[in-house]
Amino acid sequence: MDVQWFVMFFARVAAVAGSGRCMMRHRFRSSSSTLRLHLSQSGSSSGSNEVEYEYLDSGSFRRLERFGNVHVIRACPSATWTPGLPLDQGEWKDAKVRFEATGWQGLEHVPEDWRVHVHSNLVFSLLPSEQGQLGIFPEQLDNWNWIRSQGKRSSGKSIGNGSILNILNGFAYTGGSSIAALGMMMQEGDAAAAAVKVTHLDAAKASVSWAARNAIASGFEDASCRFLVDDCLTFLHREVKRGNKYDGLIFDPPAFGRGGGNKIWKLEKDLPTLVSLLPALLSSSPRFLLLSCHDVAWPSQKLEQLLREVNIPAGGVWEKGDLTLKSNRNGARNLPLGQFVRISWKPPIK
Ligand SMILES: C[S@@+](CC[C@H](N)C(=O)[O-])C[C@H]1O[C@@H](n2cnc3c(N)ncnc32)[C@H](O)[C@@H]1O
């Protein structure tokens, strides 16, 4: 088998079911060379429509955010400005959980099963890491909504080039974009929303396991998602050789990453190679492409230029912009954290 299929879900399901929050059913189905995990959950994740994440302010090399009821201050080297809100008052002062150079403080104020509902079908389980991450890149929120919206039919006719849309999320981390893609099939009030098959790929086994947990917490029933641990470029080269195609592609690569073995990802060197493979990976009637990154050396204009140099199918609507966290507190600072280009194509009319 040329990719490592990640199927250690019995332990995961037992762990989540053991929390007493929900009862799980799950089954595995195998085809010639693949295993596909079908996630089932009885009952919804929370039924909550409240967004439990809020970006509040940044400055003095820190960022202030709310995750559920917990206010968190984390180191943020790019926040070189003075905070918009007073550091010695209000939410900055009251935040009990902090991540600074010395590590985490105040974790006793964090719930044992710490989760945020971005919406009722996008739920993240949070876990403080040694690097100060919590398991969510909230600057992708707008892109997650955009991905979900790609499942809506835009005409009175049936959608897709067949009955199922095939979506690939590389560098997929804890699954925000993969779960958003699964959500394409759940567009409210749209009985003809897409049926989707998602491939979630990341080089870090722990992130892939975490993503599978998040998918279950997000309440999907019979959602078809395969979870792969592999080096992204290696996998893409293989998919091109095999002639496998996708209707939706999502890539949010880091500036630097380890792909397992001696494989090293370097954005500056490897992004052009990745982009050169995209035309061969897109199906004959693609639905969307999303490319983002968090490196200031790649402004959205440069990402767009790179994409325009390869043979991306015509007829798509191109958008580009910044991944910026915006606060609704008066006087607070916004926090730019990356850039994106996204392209959407209208579903073919049958
Ligand atoms: C910026 S994060 C992606 C965040 C994600 N888009 C989200 O919104 O949740 C980058 C991810 O790339 C993964 N990664 C790094 N190098 C990789 C490689 N060579 N192949 C596959 N994944 C890699 C990391 O493990 C990490 O999860």
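Biologist: Let's start simply. How many helices and strands does the chain have?
Modeller: Keep in mind that we are looking at a predicted model. The chain has 350 residues, and 41% of them count as buried. Its secondary structure comes to eight helices and 19 strands.

Biologist: What is the mean pLDDT of the chain, and where does pLDDT stay under 50?
Modeller: Of the residues in the chain, 79% reach 70 or more, and the mean pLDDT is 84. Over residues 1–49 the pLDDT is below 50, although this stretch has 85 contacts in the model beyond near neighbours in sequence. Where pLDDT is low, the predicted coordinates should not be read in detail. Another stretch where pLDDT stays under 50, with 19 contacts beyond four places in sequence, is residues 154–161.

Biologist: Now to the ligand. Which residues come nearest to it?
Modeller: There are 21 residues around the ligand. They divide into eight nonpolar, eight polar and five charged. The ones that come nearest are Phe171, Tyr173, Asp252, Gly257 and Gly259.

Biologist: Which element gives the largest share of the shell around the ligand?
Modeller: Helix 4 (176–182), strand 15 (256–260) and strand 16 (263–266) each supply at least two residues of that shell. The largest share is three residues, and the element that supplies it is strand 15.

Biologist: Is strand 17 buried or exposed?
Modeller: Strand 17 covers residues 288–293. Phe288, Leu290 and Ser292 point one way from the strand, while Leu289, Leu291 and Cys293 point the other way. Six of its six residues are buried, so strand 17 is largely enclosed by the rest of the structure. The word you asked for is buried.

Biologist: Which residues of strand 17 pair with Ile250 and Val341?
Modeller: Strand 14 (residues 248–251) runs parallel to strand 17, and four bridges join them. With strand 19 (residues 335–344), strand 17 pairs in the antiparallel sense over six bridges. The bridge partner of Ile250 is Leu290, and the residue opposite Val341 is Leu291.

Biologist: What about strand 13: how many of its residues are buried?
Modeller: Strand 13 (residues 223–229) pairs with strand 12 (residues 195–202) in the parallel sense over six bridges. Within this pair, Leu201 stands opposite Leu228. Strand 13 is largely enclosed by the rest of the structure, because the number of its seven residues that are buried is five.

Biologist: Let's look at single residues. Is Leu274 buried or exposed?
Modeller: Leu274 has its place in helix 7 (residues 267–281). Leaving aside neighbours within four places in sequence, Leu274 is in contact with Leu233, Leu236 and Phe251. A residue counts as buried if 20 or more other C-beta atoms lie within 10 Å of its own. Leu274 has 20 such neighbours, so it counts as buried.

Biologist: And how far apart are the C-alpha atoms of Leu306 and Val275?
Modeller: Leu306 lies in helix 8 (residues 300–308) and is partly exposed, with 18 other C-beta atoms within 10 Å. Beyond neighbours within four places in sequence, Leu306 is in contact with Leu271, Pro272 and Val275. Leu306 and Val275 are 31 residues apart in sequence, and their C-alpha separation is 7.3 Å.

Biologist: One last thing. Among contacts between residues at least 6 apart in sequence, what share joins residues at least 24 apart?
Modeller: The pair Leu306 and Val275, 31 residues apart in sequence, is in contact. For the chain, the share of such contacts that join residues at least 24 apart is 70%.

Key
Residues are numbered from 1 along each chain as its sequence is written. This is a predicted model: local features need pLDDT of at least 70, side-chain atom pairs count only at pLDDT 80 or more; totals for chains, interfaces and linings use all residues. A residue is near a molecule or strand if its C-beta atom, placed from the backbone, lies within 6 Å of it. Ala, Val, Leu, Ile, Met, Phe, Trp, Tyr, Cys and Pro count as nonpolar, Asp, Glu, Lys and Arg as charged, and the others, Gly among them, as polar. A residue is buried if 20 or more other C-beta atoms lie within 10 Å of its own, exposed if 12 or fewer, and partly exposed in between; C-beta atoms are placed from the backbone. Two strands pair if DSSP finds at least two bridges between them. Two residues are in contact if their C-beta atoms, placed from the backbone, lie within 7 Å. pLDDT is the predictor's confidence in each residue, from 0 to 100.
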